[in-house]
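Below are some notes on the fold and on one helix. Please read them beside the model.

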Protein chains: 2
Amino acid sequence: MKSLVIVAHGSRRQASNDEVRELSSRIESLTGESFDQVKTAFLELAEPSIPGGIEQCIEKGAKEIIVLPYFLSAGRHVTEDIPGEVDTVRNKYPEVSIKITPYLGTIDKIADLMVEQANQAS
Amino acid sequence: MKSLVIVAHGSRRQASNDEVRELSSRIESLTGESFDQVKTAFLELAEPSIPGGIEQCIEKGAKEIIVLPYFLSAGRHVTEDIPGEVDTVRNKYPEVSIKITPYLGTIDKIADLMVEQANQAS
């Protein structure tokens, strides 16, 4: 069983956290058979935490987990904090495979979407 | 003459600001004839500022400017700060058309890119 966890920063503004949760739902509807479930987790200010979200997947039977950081740049959160949080779960469940993908901002095709967005506005 | 301004938050970490500048260069190479120039501007912590970046475009002859907020959620920066900064330039150059597009996080197709990213990692 395979899970995808979308990790966002988390905000005091609940609507921002809900935006990410809605995105995760849309992603879940798009993943087809490649992932059994898609969860949202937050680095801070919202629940579940990264270890909490990953453990929810493990409790549902996930043996393979992909963590995708919903971040635009490679600051400390991406380079240190998220891997650190993930490591705490890895140490607790060494039989589960947990991989972190490159963060959202590394996806080249975002540039194409931004060009479309700009063209639509003009 | 038409310009596109990619507006990012700005970071103390220069590499993050440079990431956005590189993205703007890639976008410029993709816009073809639809935009004469693509600039980067920052809300804080990096240069040029939003009014500064827009004015650079106007000085080069832009009569129409599209501002695209490189932000993932509709926090205060997107809903208040960016429009406020843009208004200062609108008031100064009423003959120039300046439009703000919906922010990056509103682009639905990002979900498809995230699915691809997750599938590649698994």
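Which pattern does chain A follow when read along the sequence?

1. Chain A follows the pattern β-α-β-α-β-α-β-α, with four helices and four strands. Helices (H or I, at least four residues) and strands (E, at least two) are DSSP runs, numbered from the N terminus.

2. This is a predicted model: local features need pLDDT of at least 70, side-chain atom pairs count only at pLDDT 80 or more, and totals for chains, interfaces and linings use all residues. Residues are numbered from 1 along each chain as its sequence is written, with chains lettered from A and ligands numbered from 1 in the order in which they are written.

3. The C-alpha trace of chain A spans about 50 × 35 × 25 Å along its principal axes. Of contacts in chain A between residues at least 6 apart in sequence, 69% join residues at least 24 apart; a contact means C-beta atoms, placed from the backbone, within 7 Å.

4. Buried residues account for 39% of the 122 residues in chain A. A residue is buried if 20 or more other C-beta atoms, placed from the backbone, lie within 10 Å of its own.

5. In helix α2 (residues 50-59) of chain A, the buried residues are A:I50, A:G53, A:I54 and A:C57. Seen down the axis of α2(A), they fall within an arc of 95 degrees, so they line one face of the helix. The arc is that of the directions from the helix axis to the C-beta atoms. An α-helix has 3.6 residues a turn, so residues three or four places apart point the same way.

6. The cover over the buried residues of α2(A) includes β1 (2-8), β2 (37-42), β3 (64-69), α3 (76-92) and β4 (97-100) of chain A. After α2(A) comes A:G61, with a positive phi near 110 degrees.

Methods. Buried ≥ 20, exposed ≤ 12 C-beta atoms within 10 Å, placed from the backbone. Contact = placed C-beta atoms within 7 Å.
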